[in-house]
Amino acid sequence: MKLVMALVGAAFIGLAAQIKIPLPWTPVPITGQTFAVLLAGVLWGAQGGALTTTVYLLLGGIGIPWFAGAAGGAAYFAGPTAGYLIGFIPAAYCTGLLYNRFAWARQLPGLVLVMTCANFIFIHGTGMIWLGCITGIHDIAKLLALGTLPFISGDLVKIAVAAAVARSFRSRINQ
Ligand SMILES: O=C(O)CCCC[C@@H]1SC[C@@H]2NC(=O)N[C@@H]21
């Protein structure tokens, strides 16, 4: 059952990855993945969210074309966005962990805060470190301009919607 839920969640992340808006000055596109990853953390819980994102990466790595822009295959992990993909795992795990452990994290402002921290610490953190390795750029300001600044407003919108949807689903399940 857990594996079926993980497959459903991974497929949802894969669908969200097909919402892809390339930006001409950076190899990192705008995608819908963070919405689905953070939602999975709340809906499936810490372990379920980590399993879902791990399944997403493993199946994408063996060739299912569900990374951004219908890409897949092991070689994709040598590309510029692999760090963001790796960051999906701790982001989903921590979001689920905090949501289930703390009442404040189950309120809308608390959940938005949790998702925002998970997004920018884990997804952007590993994303930027890997982007720096791949591009050879070690200037933090340049890396921020390529890998984080263009995505702040879009990510915040996705987080607000994910938090609202997650709370609505969880309150229905818990009734
Ligand atoms: O190649 C992939 O499949 C992963 C793309 C990662 C895109 C990152 S996730 C965080 C940030 N927000 C976005 O909308 N895009 C980047």
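Thr52 sits in helix α2, which covers residues 33-61; helices here are DSSP runs of H or I with at least four residues, strands are E runs of at least two, and both are numbered from the N terminus. With a relative accessibility of 0%, Thr52 counts as buried, where buried stands for under 20% relative accessible area, exposed for over 50%, and partly exposed for anything in between (1.4 Å probe, protein chains only). Leaving out residues up to four places away in sequence, Thr52 touches Met5, Ala6, Gly9, Ala10 and Ile13, along with Ala40 and Trp44; a contact here means heavy atoms within 4.5 Å.

The model is a predicted one, so to speak of local features takes a pLDDT of at least 70 and side-chain atom pairs count only at pLDDT 80 or more, while totals for chains, interfaces and linings use all residues. Residues are numbered from 1 along each chain as its sequence is written, and side-chain values rest on heavy atoms, with hydrogens and water left out.

As for the overall fold, the protein has six helices and two strands, and these run along the sequence as α-β-β-α-α-α-α-α. The C-alpha atoms fill a box of roughly 50 × 35 × 25 Å along the principal axes. The radius of gyration is 15 Å, which agrees with the value near 16 Å that a compact globule of 175 residues would have; this radius is taken over C-alpha atoms, and the globule rule is 2.2 Å times the number of residues to the power 0.38. Of the 175 residues, 45% are buried. Among contacts with a separation of 6 or more, 68% join residues 24 or more positions apart. The protein exposes about 8400 Å², with carbon and sulfur atoms supplying 75% of it (Shrake-Rupley areas with a 1.4 Å probe; for residues, only the protein chains shown count as cover).

An unreviewed UniProt entry places the feature "transmembrane region" at residues 28-46, 55-76, 82-99, 111-137 and 143-166; the positions follow the numbering used here, feature names are shortened, and such annotations may be inferred rather than shown by experiment. Residues 82-99 are 100% helix and 0% strand, with the end C-alpha atoms 26 Å apart. Residues 55-76, on the other hand, are 32% helix and 0% strand, and their end C-alpha atoms are 15 Å apart.

Then there is the ligand. It is surrounded by 17 residues, the closest being Pro29, Ala68, Tyr76, Thr81 and Lys158 (a residue is near if one of its heavy atoms lies within 4 Å). A polar side-chain atom of Asp155 lies 2.9 Å from a ligand nitrogen. On its own the ligand has 410 Å² of accessible area, and the protein covers 99% of that.

Lys158, one of those closest residues, belongs to helix α6 (residues 152-174) and, at 16% relative accessibility, counts as buried. A polar atom of the Lys158 side chain lies 2.7 Å from the backbone oxygen of Thr31; polar contacts are pairs of N or O atoms within 3.5 Å, and within protein one must be able to donate a hydrogen and the other to accept it, with residues adjacent in sequence counting only if both atoms are side-chain atoms. Beyond its neighbours within four places in sequence, Lys158 is in contact with Thr31, Gly32, Thr34 and Phe35.
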